[in-house]
Number of protein chains: 2
Amino acid sequence: MDGRKMTNPLNLRDVKITGNFWKDFMEKVRTQVIPYQWEALNDRIENAEPSFCMKNFRVAAGREEGTHNGCVFQDSDVAKWLEAVAYSLMWHPDAELEATADCAIDDIVAAQQPDGYLNTYYIITDLSRRFTNLKDHHELYCLGHFIEAAVAYYHATGKDKLLNAMIKYVDLVDSLIGAGEGKIHGYPGHEVVEMALIKLYEVTKNEKHLRLAKYFIDERGKQPLFFDLENKKHGNGFHWEKSPFRFAYYQAAEPVREQHPVGHAVRAVYLYSGMADVARETGDPTLIEACERIWNEMTHRQMYVTGAIGSSEHGEAFTYDYDLPNDTVYAETCASIGLAFFAQRMLNLSPKGEYADVLERSLFNGIISGMSADGKSFFYVNPLEVLPEASEKDYLRRHVKVERQKWFGCSCCPPNLARILTSLGSYAYSKNENNFYMHLYIEGDVKIELSNGTLGLSVKTDYPWNGSIAMKITEVPEMPVTVALRVPGWCKKFDVKLDGKAADYTVNDGYVYLNGTFASGTDITLELDMPVLLLESNPRVRENAGKLAVQRGPVIYCLEEADNGKDLHRIYVPADTAFTVEDAPGFFGGAALLSSPGLRLVQSDWDTETLYREANTPEFENISLKWIPYYLWANRGPGEMAVWIRKK
Amino acid sequence: MDGRKMTNPLNLRDVKITGNFWKDFMEKVRTQVIPYQWEALNDRIENAEPSFCMKNFRVAAGREEGTHNGCVFQDSDVAKWLEAVAYSLMWHPDAELEATADCAIDDIVAAQQPDGYLNTYYIITDLSRRFTNLKDHHELYCLGHFIEAAVAYYHATGKDKLLNAMIKYVDLVDSLIGAGEGKIHGYPGHEVVEMALIKLYEVTKNEKHLRLAKYFIDERGKQPLFFDLENKKHGNGFHWEKSPFRFAYYQAAEPVREQHPVGHAVRAVYLYSGMADVARETGDPTLIEACERIWNEMTHRQMYVTGAIGSSEHGEAFTYDYDLPNDTVYAETCASIGLAFFAQRMLNLSPKGEYADVLERSLFNGIISGMSADGKSFFYVNPLEVLPEASEKDYLRRHVKVERQKWFGCSCCPPNLARILTSLGSYAYSKNENNFYMHLYIEGDVKIELSNGTLGLSVKTDYPWNGSIAMKITEVPEMPVTVALRVPGWCKKFDVKLDGKAADYTVNDGYVYLNGTFASGTDITLELDMPVLLLESNPRVRENAGKLAVQRGPVIYCLEEADNGKDLHRIYVPADTAFTVEDAPGFFGGAALLSSPGLRLVQSDWDTETLYREANTPEFENISLKWIPYYLWANRGPGEMAVWIRKK
């Protein structure tokens with residue numbers, strides 16, 4: 001690990017996303033999700049269970065009468081909404097929305113206790129019980145999300161009311177939890193505060209904030225196990241006591257440097273993201289090594305082709321290497337989002353193509369599959385194979401919904417989607433010294449503050465439907481800079497031109513490096529060859545044996561019943577299939593669709609009353625297959641869907 | 001349905017099983033299972049949880065101090081043991097065992113209340129609560145098993161102490177439950193008493209016993225639902241309230257004549273067996289029709305190739321047509337046993353080959369797979385595909401054990417295995433008027449009381465390893481008789497000879513009918529061609545798409561890691577495979593083993609750090625496969641196993 005290569009994200013205000021693919025998503029979040037979520041937080045959705053989110057704060061502040069309602073982590077939904085609002089304000093100023101957010105922050109901060117404590121569950125129920133169940137009661141989780149919201153809102157508006165409240169709350173936590181004598185030697189059951197504290201540290205530069213994040217990382221899983229002691233001391237319940245997980249559900253059975261991907265997948269990737277953040281700030285080689293090892297074990301052995309993770313509904317968790325069932329899968333939207341967090345941080349540790357490949361894989365597939373094309377309904381579980389009858393009648397697949405659901409009273413994925421989709425600029429680019437890294441190709445304008453001046457770039461592209469990226473340099477420092485352009489792992493042939501002429505470049509770890517003193521107005525074009533690929537799995541993945549998946553650019557495709565009829569399991573794809581790419585601008589905001597010849601196993605020689613017979617030579621009929629991007633599945637009513645298709 | 005075709009089982013005392021395959025199983029039960037179970041019933045197994053079975057009776061009788069321990073249906077284990085003992089005494093008299101059983105019966109009957117009630121749970125805990133939870137508290141289930149034990153013991157020994165006790169208990173039940181005013185209009189949550197009452201009726205010829213069985217069948221599932229009313233009246237819990245099953249778990253959501261295979265599989269087949277019994281006694285065409293329809297729906301769409309049923313662990317239940325997962329399967333031993341009960345009764349309703357085919361399929365595969373080769377340990381779940389790592393780490397397969405377990409404190413399958421294996425004679429043969437039906441081929445001597453005299457037959461065979469069956473007529477009536485010999489569905493070519501000469505016969509519905517006045521000493525030989533068959537599933541069974549299974553005679557084969565290495569999912573069987581059959585007399589009591597050429601997908605071009613890549617042409621290596629009978633799997637330590645293998 002070369003410490004000098006570490007990079008930082010850009011200031012989000014310096015990124016303008018102006019067109020095409022991602023702008024559509026961002027606008028959906030801004031115009032649909034954020035307003036709808038605000039109504040939900042305020043219990044104004046008809047026929048939906050109330051969330052009690054904002055009400056809890058007003059009750060805690062003494063501004064309203066009432067009890068606490070909702071989950072123990074109900075506060076965090078408000079924080080995630082605020083964070084998304086902050087990002088949205090950065091690229092779309094909106095005085096009304098900002099005023100609404102200010103009012104929300106006023107209600108939130110009004111609930112803060114004189115000593116800094118701020119969690120509605122304990123304020124309303126029994127303050128004397130606070131910090132007695134770090135394992136399950138999510139106080140530090142809610143704190144983490146509020147820190148992230150406060151930092152984002154400060155960056156977006158310059159307003160520091162929430163930020164100061166969180167600094168005060170962190171002071172309290174630091175006085176009660178940590179290494180000192182008489183303190184609680186604990187850490188959160190649901191991670192997130194670790195990476196949040198690093199965001200806070202980046203603003204405050206207060207070593208205390210870094211130290212606390214580091215404490216939570218280093219203390220985790222040390223013997224004797226804190227959660228075990230805490231259970232005994234406070235008589236806390238232990239839901240996973242008889243599960244094979246036990247404390248590993250919380251990634252708390254071993255010190256983090258000895259861990260493998262384990263337990264609840266969202267918690268896991270949040271922890272790994274925090275580890276990578278602390279590693280970047282401290283340069284701790286043992287922590288960097290742990291991050292790299294866990295990254296490899298997870299993405300090389302336990303990640304779906306859609307960039308989803310967490311293959312088991314039991315504990316929403318990892319199971320074991322190469323266990324990637326397509327139909328009983330969990331693959332939570334939030335886990336893919338957390339994987340993107342981790343990928344972004346690994347990229348910041350070291351700009352390697354494989355980190356950006358995973359980032360892109362999750363973004364274009366397992367993350368955005370979580371939201372319907374109209375932005376109004378959401379998947380928590382993102383299966384790679386669906387049979388509606390099984391979802392209805394098989395207990396093992398009851399969690400696999402065939403249609404996206406409306407926002408729920410107790411909800412994580414929709415606000416998590418909102419905050420990642422409104423802050424894509426911090427994933428797309430990074431920089432260090434005089435180097436600029438372009439990880440994702442998004443139409444828009446970027447300003448990069450390098451150590452020797454400002455680099456400006458304007459990007460035009462129809463990515464991911466097309467592999468042409470046209471960049472124009474709009475502003476340059478006087479000194480040489482390096483522009484590193486990512487060549488995705490799926491791209492085997494590419495071409496780089498400077499003002500239409502073959503460019504001089506080097507290639508390293510998935511990036512094309514252009515070095516020099518560029519003139520303003522210089523055109524850089526990158527042509528990525530984007531053929532349709534037929535993918536196979538490592539044979540260790542039993543569920544995909546003898547099957548193929550289809551990918552073009554970063555987009556994974558699937559077959560749906562709507563286009564290809566029922567019984568997708570009888571469809572076979574010839575190994576030498578030639579695909580036709582068809583631009584479909586009217587297909588849910590525009591997409592490239594694929595068609596190909598295929599085969600369907602003939603069933604007409606079987607009646608419904610014979611289960612087994614002596615094997616015959618199977619008969620196949622020629623059919624035409626239509627493939628749609630995976631993330632767009634289930635936008636046309638319930639039906640079968642499959643990503644991995646049998647190979648003929 | 002031709003009423004005249006209905007048949008009756010033989011008197012078990014008239015069947016002597018003398019050699020080879022089944023005799024070994026019976027001897028295992030007699031010498032291992034029955035003595036071990038008696039120790040277990042008396043809490044004398046070291047390092048095992050006590051069962052409290054016999055102790056509960058002595059406490060209920062006031063012969064010992066104590067409380068009730070074990071499940072609410074703990075009594076039934078004693079009944080099943082007694083039934084197995086009774087059958088065993090019929091073919092292997094054993095004064096010591098009979099004395100032990102007499103003592104047990106003495107303890108049991110001592111617990112009977114003056115009004116006839118006999119259930120240790122309520123006698124010990126609170127008699128006033130009896131019959132307040134027919135849905136879940138198994139009083140009628142225990143009664144059913146005790147009736148079956150009492151009838152068997154009466155047939156075996158002529159002793160009627162237990163029989164009279166049960167007649168008295170049935171009188172009580174009949175006075176409290178049934179159609180009359182003021183009675184409980186209920187039926188059992190776990191069926192078995194229906195078929196038991198028919199066995200009792202066959203002994204007593206008391207119409208009351210038939211009427212009560214008929215009442216339980218006819219009342220079941222009528223609106224308003226009894227279990228719903230009972231729940232409300234007595235404030236009973238309802239475990240399945242939020243499951244899609246609800247009352248269908250108990251086959252109690254609809255009247256039986258409108259039902260499809262549903263809910264807990266063991267309960268279901270026990271109910272269907274009772275329905276078929278009542279149909280045979282009453283000739284009710286609507287009930288016969290319901291039995292035939294349910295039989296078809298179950299065996300044509302929801303039965304594993306091993307004769308196992310109940311594909312889901314959730315509720316140990318049926319799911320939906322063609323849903324037959326091999327790895328997350330339940331396939332309880334008791335459900336296969338219940339399927340054999342149902343098959344036997346359908347055969348008695350009408351001697352059709354398909355009923356006997358299913359009977360044989362379950363007996364030779366899904367039933368005896370439940371017992372280890374040494375008769376000392378047992379499977380409840382009988383998977384068709386096993387990966388030890390998954391059983392350990394995947395919550396969905398935690399119930400799939402890779403090794404058979406010792407008898408448990410609360411146990412159903414081992415005693416159920418004991419009673420079916422000790423009473424095979426009642427499955428192998430049936431008769432009516434002057435017709436004798438041979439459904440199974442077992443070495444031994446049979447005496448058949450026909451309406452015009454006694455037919456005696458001596459059978460020699462090495463079935464299932466060999467398709468030759470040699471029969472000698474040892475005793476004949478003076479009038480003509482019909483001998484019907486079953487030609488199994490898997491047999492496409494057969495030959496029948498009388499004294500070495502081509503016989504004159506007709507074939508109907510899977511049976512060869514020989515009519516005539518036979519001379520004593522006549523030799524009948526049946527040669528069943530027994531090739532190795534490669535089977536395919538109906539394409540509607542998604543889990544078996546592109547896979548083959550191997551069957552020879554009635555025996556399903558499997559691949560085990562012990563013979564074929566790890567990663568059975570990488571093994572392919574060519575469609576035109578030629579098998580070699582090898583007699584292995586030393587292989588767990590003797591078996592025909594199979595070997596064949598096979599292919600294994602080469603994995604050496606994959607490292608463990610690559611999950612997906614562009615599809616290559618797969619490489620296969622030639623290997624030699626060794627197949628063992630499925631029922632013998634897991635006798636050589638833990639390892640992978642698979643029945644359905646990929647087809648090349």
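**Exercise 1. A strand pair in chain B**

Task: Which residue in strand 14 of chain B does F494(B) stand opposite?

Solution: 
- Step 1. F494(B) stands opposite L528(B) in strand 14 of chain B. The model is a predicted one.
- Step 2. Strand 10 covers residues 494–498 and strand 14 covers residues 523–528 of chain B. These two strands pair in the antiparallel sense, over five bridges.
- Step 3. Now step out to the sheet. Seven strands of chain B form an open sheet in the order 2-6-7-8-14-10-11, with antiparallel pairing.
- Step 4. Look at the ends. Strand 2 (15–17) and strand 11 (501–502) of chain B are the edge strands, and each pairs on one side only.
- Background: strands of a sheet pair through backbone hydrogen bonds, either parallel or antiparallel.

**Exercise 2. Domains 2 and 3 of chain A**

Task: How many residues does each of domain 2 and domain 3 of chain A bring to their contact? Then describe what they bury.

Solution: 
- Step 1. The assignment for chain A gives domain 1 (3–428), domain 2 (433–528) and domain 3 (532–647).
- Step 2. Count the residues in contact. Domain 2 of chain A supplies four and domain 3 of chain A supplies 13.
- Step 3. Check the spacing. The C-alpha centres of domains 2 and 3 of chain A are 37 Å apart.
- Step 4. Find the main contributors. P464(A), W465(A) and W490(A) account for 93% of what domain 2 of chain A buries against domain 3 of chain A, more than any other three residues.
- Step 5. Count the polar links. Between domain 2 and domain 3 of chain A there are zero salt bridges, and one residue pair is in polar contact.
- Step 6. Sort by class. On the side of domain 2 of chain A that touches domain 3 of chain A, four residues are nonpolar, no residue is polar and none is charged.

**Exercise 3. The interface of chains A and B**

Task: How many salt bridges are counted between chain A and chain B? Build up the picture of this interface.

Solution: 
- Step 1. Start with the extent. Chain A and chain B each put 62 residues into the contact. Together they bury about 5,400 Å², 53% of it on carbon and sulfur atoms.
- Step 2. Count the links. There are ten salt bridges between the chains, and 34 residue pairs are in polar contact.
- Step 3. Name the elements. On the chain A side, those giving two or more residues include helix 12 (285–301), helix 15 (388–393) and strand 21 (612–614). Strand 15 of chain A gives the most, with five residues.
- Step 4. Sort the chain A side by class: 26 nonpolar, 16 polar and 20 charged residues.
- Step 5. Pick one salt bridge. R613(B) meets E536(A) through their side chains at 2.9 Å, N to O.
- Step 6. Turn to the backbone. Strand 21 of chain A and strand 15 (residues 532–537) of chain B run antiparallel and are joined by three bridges. In this pairing R613(A) stands opposite E536(B).

**Exercise 4. A salt bridge within chain A**

Task: Which residue forms a salt bridge with R397(A)? Locate both partners.

Solution: 
- Step 1. The partner is D327(A), with the closest N and O atoms 3.5 Å apart. That distance passes the 4 Å cut-off.
- Step 2. R397(A) sits in the loop between helix 15 and helix 16 (413–421) of chain A. D327(A) sits in the loop between helix 12 and helix 13 (333–349) of chain A.
- Step 3. The pair is 70 residues apart and links distant parts of the chain.
- Step 4. Over all chains, the whole structure holds 97 salt bridges.

Terms used: Residues are numbered from 1 along each chain as its sequence is written. Chains are lettered from A and ligands numbered from 1 in the order in which they are written. This is a predicted model: local features need pLDDT of at least 70, side-chain atom pairs count only at pLDDT 80 or more; totals for chains, interfaces and linings use all residues. Side-chain values use heavy atoms; hydrogens and water are left out. Domain bounds come from an automatic or database domain assignment. Contact means heavy atoms within 4.5 Å. Buried area is the accessible area (1.4 Å probe) that two parts lose on being put together, summed over both. A polar contact is a pair of N or O atoms within 3.5 Å; within protein, one must be able to donate a hydrogen and the other to accept it, and residues adjacent in sequence count only if both atoms are side-chain atoms. Ala, Val, Leu, Ile, Met, Phe, Trp, Tyr, Cys and Pro count as nonpolar, Asp, Glu, Lys and Arg as charged, and the others, Gly among them, as polar. Two strands pair if DSSP finds at least two bridges between them. Helices (H or I, at least four residues) and strands (E, at least two) are DSSP runs, numbered from the N terminus.
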